[in-house]
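Here's a quick tour for anyone meeting this structure for the first time. Have a look at the sequence and the model, then read on.

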Amino acid sequence: MLHQYVDRSSRAIRDEIFVGNRSIRFIYSRLRENAPLMFRIVSSARTSRLLAFVSFSRMINETFNGSRNFLKAAGIDHKECVENPDRLDTPRKLFERKIRYWECRPMPNDPAAVVSPCDARMLAGSFDDSSGIFIKGKFFDFQELLGKNKTKWLTALESGDFAVFRLTPDRYHYTHTPVAGRVLDVYTIEGLYHACHPDAVVSLITPYSKNKRVVTIIDTDVPGGSQAGIVAMVEVVALMIGDIVSCYSDKEYRNPAQVGTGMFLEKGCPKSLFRPGSSTVVLIFQRRRLRFNDDIIWNMCLPGVESIFSRNFSQPLVETDIQVRSIIGTAVYGGAAMPDSPS
């Protein structure tokens, strides 16, 4: 099934080439319908880690004949890599590579700019039914995603806007901070390890809020912050993602530290590392505290683009391929207040 996206830099429409396409369709159609117990086993943490080990830790892939050749075949610019490409001699090392983001992923100087947390394909949406990008319950259940017991954050972010960033297996797998601000809360919600493939997303009901995920709540209305209100950054595991490693560094990749409550995060810095595979990041903003860039919104409705999401969700949902640290929107000062209810 054809799935296309818009390349932000060139405005060209690209066809996505899926990894393991037949396997994903088998798992999320025949196996899910005819063998639900086996389907649950496949999406479990143990199976996901086993698949990651087989696929990425052992040299069983015959196409991996020299790292430079593999980089070229995957469309990865070896000049971006921090390490010598010849040292990226296993699939795991390749997918956990570090890049010279300070050179090859420039960030806008505007302190009000909110930036992409990863190299990914992005969609924007809103929980507010008066918004032109209203999307209700398509990709996740709002309360389930943040945790139904997290009353304070659910109240703060109610009727807000969100962005979904879908990483593919060939992408740079560090996430970066999309805003500057102080961490109010960090917590993990246990769950399954469903694939982030579009076929899997449309086959399940709100899969992103069923997978294991790490939620970081950031207050940007502080001195030195981005002034975009409360922002939730939700990092979602997927099939063959073994873990999300917290490794915040405010200077390149030096002295990585675990993100914790009370820590101030600078914008655009490495925050976490996804273990190899595909994965997803969801950002949630308070109502009317962010104005998404026009090109991202226009691309979602671009005519003549084939999208699995558009076909299955009955509304235009065309992704934009976007780079980490590039602007996705601008903070709108003022707006929703911090709720007083307990978390």
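Predicted model: local features only at pLDDT ≥ 70, side-chain atom pairs only at ≥ 80, totals over all residues.

Below, we go through rings, cores, strands and charges in turn.

**Aromatic rings**

- The structure holds 13 aromatic pairs.
- Tyrosine 101 and tyrosine 253 make one of them, in an edge-to-face arrangement with 5.5 Å centre to centre and 85 degrees between the planes.
- This pair brings together distant parts of the chain, 152 residues apart: tyrosine 101 sits in helix α6 (residues 101-104), while tyrosine 253 is in the loop between β10 (244-246) and β11 (264-265).
- Tyrosine 172 has a relative accessible area of 2%, so it counts as buried.
- Tyrosine 174 has a relative accessible area of 7%, so it is buried as well.

**Charges sitting over rings**

- Arginine 121 lies over the face of tyrosine 5, at 3.9 Å from the ring centre.
- Over the face of tyrosine 187 you'll find lysine 150, at 4.2 Å from the ring centre.

**Nonpolar cores**

- The largest nonpolar core has 64 residues. Those with the most contacts inside it are Met122, Phe139, Phe140, Leu146, Phe165 and Ile284.
- Which strand gives this core its largest share? That's strand β9 (residues 230-236), with six residues.
- Apart from this core lies another one, of eight residues, and Tyr172, Tyr174, Tyr253 and Val324 are among them.
- Back to isoleucine 284: leaving aside its neighbours within four places in sequence, isoleucine 284 is in contact with a list of residues including Phe127, Phe142, Leu145, Leu146 and Leu157. The list also includes Asp161, Phe162, Ile230, Val231 and Ala232.

**How the strands pair**

- Strand β16 (residues 327-331) runs antiparallel to strand β3 (residues 113-115), and three bridges join them. Here valine 114 has glycine 329 in β16 as its bridge partner.
- Strand β14 (residues 290-292) is also joined to β16 by three bridges, and these strands run antiparallel. Look for arginine 291 standing opposite threonine 330 in β16.
- Strand β7 (residues 181-189) pairs with β11 over two bridges, in the antiparallel sense. In that pairing, glycine 181 has leucine 265 as its bridge partner in β11.
- Seven bridges join β7 to strand β8 (residues 213-219), again antiparallel. Valine 186 stands opposite threonine 216 in β8.

**Salt bridges**

- Side chains of opposite charge can pair when their charged atoms come close. How many salt bridges does the structure hold? There are 16 salt bridges.
- Lysine 210 forms one with glutamate 144, the closest N and O atoms being 3.6 Å apart.
- That pair links distant parts of the chain, 66 residues apart: lysine 210 is in the loop between α9 (198-203) and β8, and glutamate 144 is in helix α7 (residues 142-146).
- Lysine 210 is partly exposed, with a relative accessible area of 33%, and glutamate 144 is partly exposed at 25% relative accessibility.
- The side chains of glutamate 235 and lysine 271 meet in a salt bridge too, at 2.8 Å from N to O.
- Glutamate 235 lies in strand β9 and lysine 271 in strand β12 (residues 270-274), so this pair ties together parts that are 36 residues apart in sequence. Both glutamate 235 and lysine 271 are buried.
- Arginine 311 and glutamate 306 meet through their side chains in a salt bridge at 2.6 Å, N to O.
- Arginine 311 is partly exposed, with a relative accessible area of 36%, and glutamate 306 is partly exposed with a relative accessible area of 36%.
- Salt bridges also link Glu16, Arg121, Arg166, Arg171, Glu319 and Asp321 in a network.

Conventions
Residues numbered from 1 in each chain as written. Heavy atoms only, no water. Core = buried A, V, L, I, M, F, W, Y, C linked by side-chain atoms within 4.5 Å. Buried < 20%, exposed > 50% of the residue type's maximum accessible area, 1.4 Å probe, protein only. Helix = DSSP H or I, 4+ residues; strand = E, 2+ residues; numbered from the N terminus. Contact = heavy atoms within 4.5 Å. Pairing = 2+ DSSP bridges. Phe/Tyr/Trp six-rings, centres within 6.5 Å; stacked < 30°, edge-to-face > 60°. Lys NZ or Arg CZ within 6 Å of the ring centre and 35° of its normal. Salt bridge = Lys/Arg side-chain N within 4 Å of Asp/Glu carboxyl O.
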